[in-house]
Amino acid sequence: MEQEKIENEISMIYLRLNNIEEKLDKALMTKEKQTELKPTAPIKTMYPAVCSQCGQSCIVPFKPHDGANIKCISCYRESKE
Ligand SMILES: [Zn+2]
């Protein structure tokens with residue numbers, strides 16, 4: 001009886017170990033995928049817009065909404081200086 005109990009416990013431990021190994025494998029796989037993706041720089045989506053200051057068409061790294069104060073690069077630089 002005692003031996004059966006121990007064998008049961010051992011099989012339970014093996015099951016848990018298998019579970020942990022599976023989780024580890026998944027974690028490692030996702031980690032590998034992440035490091036694989038990291039070197040590539042994030043591509044920013046650019047949106048066409050019209051500069052509210054000089055009226056020139058330009059592209060901005062964000063989606064321009066109605067009435068937004070869009071500035072082209074040269075106007076943006078001017079406002080910064
Ligand atoms: Zn401008």
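Leaving aside neighbours within four places in sequence, with which residues is Pro 48 in contact? In this predicted model, Pro 48 is in contact with Ser 57 and Ile 59 once those neighbours are set aside, two residues being in contact if their C-beta atoms, placed from the backbone, lie within 7 Å. Residues are numbered from 1 along each chain as its sequence is written. Because the model is predicted, local features need pLDDT of at least 70 and side-chain atom pairs count only at pLDDT 80 or more, whereas totals for chains, interfaces and linings use all residues.

The protein has a mean pLDDT of 84, with 89% of its residues at 70 or more; pLDDT is the predictor's confidence in each residue, from 0 to 100. Where pLDDT is low, the predicted coordinates should not be read in detail.

Two helices and two strands make up the secondary structure of the protein, and their order from the N terminus is α-β-β-α. Helices (H or I, at least four residues) and strands (E, at least two) are DSSP runs, numbered from the N terminus. Of the 81 residues, 2% count as buried. A residue is buried if 20 or more other C-beta atoms lie within 10 Å of its own, exposed if 12 or fewer, and partly exposed in between, with C-beta atoms placed from the backbone. Among contacts with a separation of 6 or more, 3% are accounted for by residues 24 or more positions apart.

Strand β1 (residues 47-50) pairs with strand β2 (residues 57-60) in the antiparallel sense over four bridges; pairing requires that DSSP finds at least two bridges between two strands. Val 50 has Ser 57 of β2 as its bridge partner, and Ala 49 stands opposite Cys 58 in β2. The hairpin of β1 and β2 has six residues between the strands, and Gly 55 takes a positive phi near 80 degrees there.

Pro 48 itself is found in strand β1. Pro 48 counts as exposed because 9 other C-beta atoms lie within 10 Å. The C-alpha atoms of Pro 48 and Phe 62 are separated by 9.3 Å, the two residues being 14 apart along the chain.

Two isoleucines in loops were also examined. Ile 43 lies in the loop between α1 (2-37) and β1, and is exposed because it has 6 C-beta neighbours inside 10 Å. Between Ile 43 and Pro 61, 18 residues apart along the chain, the C-alpha separation is 10.0 Å. Ile 70 is found in the loop between β2 and α2 (73-80). With 19 other C-beta atoms within 10 Å, Ile 70 is partly exposed. Not counting residues up to four places away in sequence, Ile 70 touches Ala 49, Val 50, Cys 51, Ser 52, Val 60 and Pro 64. Ile 70 and Cys 54, 16 residues apart in sequence, are 9.9 Å apart in space, C-alpha to C-alpha.
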